[in-house]
Amino acid sequence: MPSSKNHEKKVAKKIKRCQQLIQADAGTQFCEEITKTIVVCNAGLSTGLQQEVLLKETLPYGNVQHVCFPLGKSYCYLHFTSIESARNTYEALNGQCPLGQDGAVLLLAFCRELPPCMNDLWSQERPSGLILERDFVDSETEKALLEAIDCNNHQESTNDETMIKDLKHRKVKHFGYEFIYGANNVDKGRPLERKIPPACDVLWDRLRKLHPLLNWHIPDQLTVNQYEPGQGIPPHVDTHSAFEDPILSLSLGGDIFMEFKHPSSGRQCCVDLPARSLLVMSGESRYDWTHGITPRKMDTIPAGHEGLTVRRRTRRVSLTFRKLRQDDRCDCKFPKLCDTAQKSAEEQVTLLESHAARVEAENVHRVYNEIAKHFSDTRHSPWPRVESFVQSLQSGSVLLDIGCGNGKYLSSNSSAIMFGCDRSDGLLNVCRERGFNVLQCDCLAVPFRDESVDACISIAVIHHLATNERRKKAISEMVRVLRPGGRGLIYVWAKNQEANAKMSSYLRQNKHNSRPTTGQSTAAEIVQVEMVAGINDCTLPVHTNRTPFQHKDLLVPWKLRSDENVSAKKATFLRYYHVFEEREIEQLCLVGNEDGLEIVESYYDQGNWCVLFEKKTGSY
């Protein structure tokens, strides 16, 4: 039905308001002329709009090549194969199609190009180790397998709860061992009488012929999932310590697409699984990526050169084959999702808590004494925001730099009274040679009276403390010596060295990091571990310098320069670090100090998480 002039004016006014908000939020460049790209200005993921529902409405008017739904936004983008398709869709749906929130009509506008958020998951490179064999079984074998697993036989389940279970998202049946959802594991002590059907034996010969070099074992556990349209399974990884590599998934009955996500890098890709296909998840794809199926009744899939189309789901039965590990321990090189690695990390944290002072004495204090001169020679340029804080102090103000190192901030404000303290004899000697007022102490016990300084800084210090309690104690000491209204500034090394899509200077100093990537993760695999402070069983991973961090508690090498013999092999010292997640240092400041301090600013700078706080009047 044609729109009235009054309605058109109201729609145009609303679109104008939306355009201003989207342009400010995403930098989208809107235009009056017709282009191939349309912005849906008032509907997106945050309003509950589904991609498949939107495509169902748009496809009758033209071919859509790309769809972009920015996360958490109330707008989205459609890119068409031609201007004609975009024009037809705009004229048919703008101000008329009721897919907005609470039935509001869609508000459409043209823009010059897709935003940077555009990420065609279908064109992304698949994870390493992922193999898809289409038509792995023929229709006769498919029929025989469906009969053998017999998901619809409810009579068997009356006396055996493990036989068939109706879960919230699908019907499930187990063979060999029951797969325990929630734990993503099995109970080896309770094998099922029902073994994997002999009808599956044909699969193993076929897999051997297709992939003779693939290292795999004949499975002893099978989980059958029956998916009706609208059902799915959350993103997950099969427990590393429970099952061998690879995991096999056979699709019967219907087509589906599976979503793979790489938590470390944020990469995603979609893999279409046709009926009768076999998916082999091995290596990186098995250990370092999650896989899942979004519950919906339609899927958006590529339609050759004509862009995208919508495919209705039908009933699909998946057969997931696994081989149980015998030793309950995984030795993979992918620690992010590995339960064995995580358990080991937890054990190391416990050991660190028991021997924290010893670890710091050996892998922090001793190391900095050994490398003091070389370290000082590399630390000559103050960080601008720290220097600006120091320079902002009024004349006569007292500043204490806890962990002052070579004192590079102690000369930043000649009108303030500057004190520094550090544990390292070597670094303190450098400070004395430069004429600074310094003393030796531990940051956990600062020999200054309560409320005796106007400002306090701790730059690259607290990340050398081995437990949360010791980190909190160091912050409490800063708050204690500050006068009411005094301010403190803390910098700690960030685990994320690529905040705001920009590499830190630490990573940029590695020339390999500046090379174009092929889509594969560039994060280094940390395989070397070292015993810490001579403590048996207490080991930490050794970080590869100038690469992204893979662990929070680790040892970072320092290669000592030899002044006497340039050709001599450099001595390597290992420094203990705890690298921080976003908001972690902010939370540490507030724990136990809620009434004593106020966070003024929390920010990211130079590869560090930073907190500026002020001591409240009347505290302590």
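How many bridges join strand E23 to strand E24? The legends below answer this and describe other close-ups of a predicted model.

**View 1. Strands E23 and E24 run parallel.** Strand E23 covers residues 453-459 and strand E24 covers residues 482-493. Six bridges join the two. Cys 456 has Gly 488 in E24 as its bridge partner.

**View 2. An open sheet of seven strands shows mixed pairing.** The strands follow the order E22-E21-E20-E23-E24-E30-E29. At the edges are strand E22 (438-440) and strand E29 (597-605), each of which pairs on one side only. From one strand to the next, the twist averages 15 degrees. Helix H10, residues 425-433, packs on this sheet and touches strand E21 (417-422) and E22. The direction of H10 makes about 165 degrees with that of E22. Helix H11, residues 468-481, lies across strand E20 (398-402), E23, E24, E29 and strand E30 (608-615). H11 runs at about 150 degrees to E24.

**View 3. An open sheet of four strands has antiparallel pairing.** Its order is E2-E3-E1-E4. The edge strands, E2 (64-68) and E4 (108-111), each pair on one side only. Neighbouring strands are turned against each other by 25 degrees on average, direction ignored. Helix H2 (residues 51-58) packs on the sheet, where it touches E1, E2 and strand E3 (76-80). Between the directions of H2 and E2 the angle is about 150 degrees. Helix H3 (residues 83-93) lies across E1, E3 and E4, and runs at about 155 degrees to E4.

**View 4. Strands E1 and E4 pair in the antiparallel sense.** Four bridges link E4 to strand E1, which spans residues 37-40. Val 39 has Ala 109 in E4 as its bridge partner.

**View 5. The largest cavity holds about 60 Å³ of space.** The structure has four cavities of 30 Å³ or more. Lining the largest cavity are Trp 216, His 217, Pro 219, Glu 244, Asp 245, Pro 246, Leu 248, Phe 321, Arg 322 and Lys 323. By class, this lining comprises five nonpolar, one polar and four charged residues.

View 6. For the protein, the mean pLDDT is 87, and 89% of residues reach 70 or more. Where pLDDT is low, the predicted coordinates should not be read in detail.

Definitions and conventions:
Residues are numbered from 1 along each chain as its sequence is written. This is a predicted model: local features need pLDDT of at least 70, side-chain atom pairs count only at pLDDT 80 or more; totals for chains, interfaces and linings use all residues. Side-chain values use heavy atoms; hydrogens and water are left out. Two strands pair if DSSP finds at least two bridges between them. Axes are lines fitted to C-alpha atoms, for helices over the stretch in contact, and angles run from 0 to 180 degrees between N-to-C directions. Contact means heavy atoms within 4.5 Å. pLDDT is the predictor's confidence in each residue, from 0 to 100. On a 1 Å grid over the protein atoms alone, a cavity is a set of points where a 1.4 Å probe fits but cannot get out, and a pocket is an open set with protein on both sides within 12 Å along at least five of seven lines; lining residues have an atom within 4 Å of a point. Grid points are joined across faces, edges and corners, and a volume is the space filled by probe spheres set on the points. Ala, Val, Leu, Ile, Met, Phe, Trp, Tyr, Cys and Pro count as nonpolar, Asp, Glu, Lys and Arg as charged, and the others, Gly among them, as polar.
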